[in-house]
Amino acid sequence: MMVGATAGSVALTGQTTVNLHQLLATLYDADDTDRPVILADALNFASDHHAIASHLRLRGRDPRRTLRQVESPDGHTLTTADIINAMTEDVQLVVLPSVLYVSGQLLDVAAITTAARARHIILGWDLSHSIGVVPHQLEEMGADFAFWCNYKYLNAGPGAIGGLFLHPRHHERAPGLAGWWGVEPAQRFKLDPTHVPATGAARLQVGTPSILSLAPLAGSLDLFEQAGGVAAIRQRSLDLNQRLLQRIDADLTPFGFRLITPRPPEARGGHLALHHPAAGQICPALRDVGVIPDYRHPRVLRIAPNAFHTSPGEVDVAVDRLVAVMHTGAYQNWPPVGTAAP
Ligand SMILES: Cc1ncc(COP(=O)(O)O)c(C=O)c1O
């Protein structure tokens, strides 16, 4: 329901970063010396870079030569053309975020997936910032793999179990990192040292999942169904963000806020990001008046009206309070970022 895949292509397991490690271990071919490069981007969450670089080292490759990054022309967004142009002949695998975690840009998942397929490049998506708020059709589109956390728009709670998608064309691959939870369920408790992999993505599971972290996810997925699925949530999220956008233009621009999220709805995820020189002070000031944004170093405020429980009226209240914080200068009561005690 969430990623547009058949059940056998999805596993709820591990954590985001661990799942990326597992997918690289399963899909990256270190013997392909003609195509040693993994392509990523300069704006993705650092953990993905850590995982890719360490994986390359583990497989005997020097990441300084084999981890290539698509650069951002403006420091906040990426262009589809730059990404596709970077898919050169030496690239074997690409890892990209569907939504950039700072600016909230939604990449053109369909066009990029098609381009990678046409070049026989393995493509994987980090869906952490889109799952649960942007509908996906990964299997039909032909993406090779995806991984994500369930603790943002899927509401399963901080540190909840992660997820991964493996396209059916890879279902026969041996898991790079094998463990007993990836054994065929009927065989698992035979505890035979020979690994008999489960069918589909389930074979990429490694150890026992945390039931206490799966339970809230089950509850949250029920709520998604009751709410009409992710397509309905996406529409509501776009409506809320459109209202927020109008209020930003009308009431916040005079205070020096600059929107760094692309304006077209099809290029936006679930949050809007505002650049402001005092963002690090504004964030706690806003929390102090009951509005919870998020701060990203060095100067970005992220606002994510959650489509499940935020009303259009609450978007107005949030902006009104932000205007008051700026108007009164209340944010100056907080130390500039970099000077605060830890
Ligand atoms: C885009 C993205 N990728 C990866 C991660 C790392 O997630 P985890 O701590 O579950 O490995 C995060 C965490 O917030 C993220 O936002």
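Reply: Start with a cut-off: exposed means over 50% relative accessible area, and buried means under 20%. Keep in mind that this is a predicted model.

Me: Why is His120 called exposed?

Reply: His120 has a relative accessible area of 63%. The cut-off for exposed is over 50%. His120 is therefore exposed. His120 sits in the loop between helix 5 (109-118) and strand 5 (122-126).

Me: What makes the phi of His120 worth a remark?

Reply: The phi of His120 is positive, about 60 degrees, and His120 is not a glycine.

Me: Which other residue has a positive phi without being a glycine?

Reply: Leu191, with phi near 55 degrees. Leu191 lies in the loop between helix 7 (185-188) and helix 8 (211-226).

Me: How do you know whether Leu191 is buried or exposed?

Reply: Its relative accessible area is 58%. Exposed requires over 50%. So Leu191 counts as exposed.

Me: What puts His327 in its accessibility class?

Reply: His327 has 65% relative accessibility, so His327 counts as exposed. His327 belongs to helix 11 (residues 312-328). In sequence, His327 and Phe255 are 72 residues apart; in space, their C-alpha atoms are 8.3 Å apart.

Me: Why is no salt bridge assigned to Glu139?

Reply: A salt bridge needs a side-chain nitrogen of Lys or Arg within 4 Å of a carboxyl oxygen of Asp or Glu. For Glu139, the nearest side chain of opposite charge is Arg169, 9.3 Å away. Glu139 is buried and has no salt bridge.

Me: Where is Glu139, and what does Glu139 touch?

Reply: Glu139 is in helix 6 (residues 138-141). Leaving out residues up to four places away in sequence, Glu139 touches Gly4, Ala5, Thr6, Ser9, Phe165, His167 and Pro168.

Me: How do you know which peptide bond is cis?

Reply: Look at omega between His297 and Pro298: about 0 degrees, a cis peptide bond. Pro298 is in the loop between strand 10 (294-296) and strand 11 (300-303).

Me: What describes the packing of helix 1 and helix 2?

Reply: Helix 1 (residues 16-27) and helix 2 (residues 46-58) pack at about 35 degrees, with axes 9 Å apart. The crossing is right-handed. Helix 1 brings Thr17, Leu20, His21, Leu24 and Ala25; helix 2 meets them with Ser47, Asp48, Ala51, Ile52, Ser54 and His55. By class, this contact has five nonpolar, five polar and one charged residues.

Conventions. Residues numbered from 1 in each chain as written. Predicted model: local features only at pLDDT ≥ 70, side-chain atom pairs only at ≥ 80, totals over all residues. Heavy atoms only, no water. Axes fitted to C-alpha atoms, helices over the stretch in contact; angles between N-to-C directions. Helix = DSSP H or I, 4+ residues; strand = E, 2+ residues; numbered from the N terminus. Left-handed = near helix turned anticlockwise from the far one by under 90°. Contact = heavy atoms within 4.5 Å. Nonpolar A, V, L, I, M, F, W, Y, C, P; charged D, E, K, R; others polar. Buried < 20%, exposed > 50% of the residue type's maximum accessible area, 1.4 Å probe, protein only. Lys, Arg positive; Asp, Glu negative; His and termini not counted.
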